[in-house]
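Here is a short report on helix packing and backbone geometry. Look at the model first, then read on.

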Amino acid sequence: MDKEYIAEAEKIEALLREFLPAVPGEEWFGRIFPRLDIRSELTESLLEPGRDLFSRGGKRWRPIMAHLVCRVLGGGDAVLSLLPMVEFCHTASLIHDDLEDSSGQRRGKPAVHLIYGADTAINAGAFLYFLPLTALEHWKADAEDRNRLWQLWGEHMRFLHLGQSMDIAWHRDPAYFPSLEDYMLMSSLKTGCLARFAALLGAETARISLKNSPPQKPSFEINEGLLASLGAAAQRLGIGFQILDDVKNLVSGIKGKERGDDVVEGKKSLPVLLFIQTDTAERTAFVQHCFKAAGEGGVNVPEVEEFITALTEAGALAEAQKQGRNLISEAGAAFSALPAVDKEAGRLLTSLTELLQ
């Protein structure tokens, strides 16, 4: 990652560590658990799983994007204190996703539920959805503006869970393969909506900042049209990122995960759906056979390589990669068209999409 993005990430990392400190102090307890006198060791099972996964790294591109959007639109650092609402919700979804998919690894180590147990992972993951809301509670804004961000968070968290429920239903039913339209809807909810939330959080905090104490008067208005265009672009970015992630899982493997574990999971990803578009009955039967063998025997059974080879030779992986990159390029073009108060942030925002391809 370029040094400019490393500087952005370091700001965010420092803030996230404040919310999940290695040793919580009185100030942290007073902010997170007001009116409650409790010993720190009693919260360890609540905090340690999230700290563990957070410490393993991550791209942090969603909160970086939110911060850059806010800067581009003239809000400066107004969104910075609220960025845990983006990254911790993402971390929570990873903990629950690994548990629901029976995944063995995440970011190069055993999945959280395998270390701490399913019960602790569920509880600690759920806590990470709500922990960053304390940032909003302490955010200096009037009730109307704060309620707008509450609504934004609630709407997107509902979308995220609907998308996850669709994905779960599909991989629990070996005989069912969704249409390409339904797949795109699921991806827009499960993955795209968190990117959309990040971008809109940045834009809304910029709007609120400019309304309350503008550092400079922009020549444009952050209106509903701008927000709709920005949200759609960020959602395309999220979908494209997910598609490329699924392709990498089958081509080279994703850092920190086992190559082909999506086959073990029986994931109905875009490459799979593109593969069965021709010779549908025969190819569907082949996919079901490989999913079954991998589900029973793991990533090292020969059917995993047979599956990947078949998708490669059919051009499904290349086509999915092309579609994913196109979506990300479309997002980059939309970002570059934003009216920019901070031109440097605008350049970084557009370049961020190139780094994700």
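Ser102 sits in the loop between α5 and β1 (105-106). Helices (H or I, at least four residues) and strands (E, at least two) are DSSP runs, numbered from the N terminus. This is a predicted model: local features need pLDDT of at least 70, side-chain atom pairs count only at pLDDT 80 or more, and totals for chains, interfaces and linings use all residues. Residues are numbered from 1 along each chain as its sequence is written, and side-chain values use heavy atoms, without hydrogens and water.

Most residues other than glycine have a negative phi.

| Residue | Phi | Loop |
|---|---|---|
| Asp279 | about 50° | between α13 (270-275) and α14 (280-297) |

Ser102 is exposed, with a relative accessible area of 61%. Exposed means over 50%, buried under 20%, and partly exposed in between (1.4 Å probe, protein chains only).

Now the helix pair. The axes of α4 (residues 61-72) and α11 (residues 224-251) come within 13 Å and cross at roughly 160°. That makes α4 roughly antiparallel to α11, a term for angles over 145 degrees. Axes are lines fitted to C-alpha atoms, for helices over the stretch in contact, and angles run from 0 to 180 degrees between N-to-C directions. From α4, Trp61, Arg62, Met65 and Val69 meet Leu230, Ala234, Leu237, Gly238 and Phe241 of α11. Contact means heavy atoms within 4.5 Å.

Last, α7. Its buried residues are Ala121, Ala124, Gly125, Phe127, Leu128 and Tyr129. Their cover includes α2 (26-32), α3 (44-55) and α9 (143-172).

How values were computed. Angles under 35 degrees count as roughly parallel, over 145 as roughly antiparallel, 65 to 115 as roughly perpendicular and the rest as oblique.
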